[in-house]
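Kindly keep the sequence and the model in view while going through the points.

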Amino acid sequence: MGRIIAVANQKGGVGKTTTSINLSAALAETGKKVLVIDTDPQGNTTSGLGLDKNSVENTVYELMLDESDIEECIHHEIIDDLPTLDIIPANINLSAAEIELIDAEHKEYILKEAVKKIMDSYDYIIIDCPPSLSMLTVNAMTTADSVLVPIQCEYYALEGLSQLIHTINLVKDRLNPELKMEGVVFTMFDSRTNLSLQVVENVKDHIEENVFRTIIPRNIRLAEAPSYGIPINMYEPKSAGAEAYKLLAEEVITNS
Ligand SMILES: Nc1ncnc2c1ncn2[C@@H]1O[C@H](COP(=O)(O)OP(=O)(O)O)[C@@H](O)[C@H]1O
Ligand SMILES: [Mg+2]
């Protein structure tokens, strides 16, 4: 049975999408069957894996509005050399879903109900969340077995973290009692400054959650890869970024 991991942090720009794309690709490279679900209306995971978000059909929007079956929404063979990597894409249409579903029954469980039908076909399902604690993020956390929280190594790293942990605990208490904290992963670590190191130490002092040993360095190749629509392990497999996400994938596999 597949393990479902939501990649969440209500802050934007902390590395959720970069982690969703490259952790999924690194897992797929080991031969695991992986599904990425993009739940951010910005659709950056969708375009980062080579789909045209403006023209793509059968997205998370159609899935949640019950206009398409989940099988129709799964796009296969999106990356040439990663045949075990599938995606359910998203685009700007998804921003309307929250309003359109405002009166829907059990609206916190819409994604979970859909994913149930296909979860046995995957080893890992990675859900990229939007930068908010919205109904879409709650759906992701209700569907997931665990939450992986990317934290950017910058001065304000701790800001908002207690609110995020509170939300995870609320979802656990009310909607998904089995939900676990997969762990915190530090991103955009800059070894040339003391600040990055101080942030890591400071966050570790303040939280009780699991922290991944792998730290993702700031690496220009990670920022470039999405413009080619391919993950880092296909764009620049020898880069520090590719190496780091490979190690993160190994840790995730070991934790299962
Ligand atoms: N480790 C990294 N090194 C360099 N740039 C990064 C790294 N991680 C993310 N970025 C860049 O930072 C920006 C925000 O990252 P992103 O993954 O989109 O964050 P989020 O999904 O949390 O908003 C993007 O432009 C991305 O390419
Ligand atoms: Mg994102």
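1. The model under review is predicted. Its ligand 1 sits in the largest pocket.

2. The elements that give two or more residues to the shell around ligand 1 are α1, spanning 16-29, and α10, spanning 220-224. Helix α1 provides the largest share of this shell, namely three residues.

3. In total, 14 residues surround ligand 1. The closest are Gly-13, Lys-16, Thr-17, Thr-18 and Pro-217. Sorted by class, the shell has six nonpolar, six polar and two charged residues.

4. Polar contacts to oxygen atoms of ligand 1 involve the protein backbone. A backbone N or O atom of Gly-13 lies 2.7 Å from a ligand oxygen, and for Gly-15 the corresponding distance is 3.0 Å. A polar backbone atom of Thr-17 is 2.9 Å from an oxygen atom of ligand 1. Taken alone, ligand 1 exposes 550 Å², and the protein buries 78% of that area.

5. How many cavities of 30 Å³ or more does the structure hold? There is one. The largest cavity contains about 30 Å³ of space.

6. Which residues line the largest cavity? They are Asn-9, Lys-11, Val-14, Pro-150, Ile-151, Gln-152, Glu-154 and Ala-157. By class, this lining has four nonpolar, two polar and two charged residues.

Definitions and conventions:
Residues numbered from 1 in each chain as written. Chains lettered and ligands numbered in written order. Predicted model: local features only at pLDDT ≥ 70, side-chain atom pairs only at ≥ 80, totals over all residues. Heavy atoms only, no water. Near = heavy atom within 4 Å. Polar contact = N/O pair within 3.5 Å; in protein donor to acceptor, adjacent residues only side chain to side chain. Areas by Shrake-Rupley, 256 points an atom, 1.4 Å probe, with all protein chains shown as cover. 1 Å grid on protein atoms, 1.4 Å probe; cavity = no way out; pocket = protein on both sides within 12 Å on 5 of 7 lines; lining within 4 Å. Sits in = over half its atoms within 2 Å of the grid points. Helix = DSSP H or I, 4+ residues; strand = E, 2+ residues; numbered from the N terminus. Nonpolar A, V, L, I, M, F, W, Y, C, P; charged D, E, K, R; others polar. Points joined across faces, edges and corners; volume = space filled by probe spheres on them.
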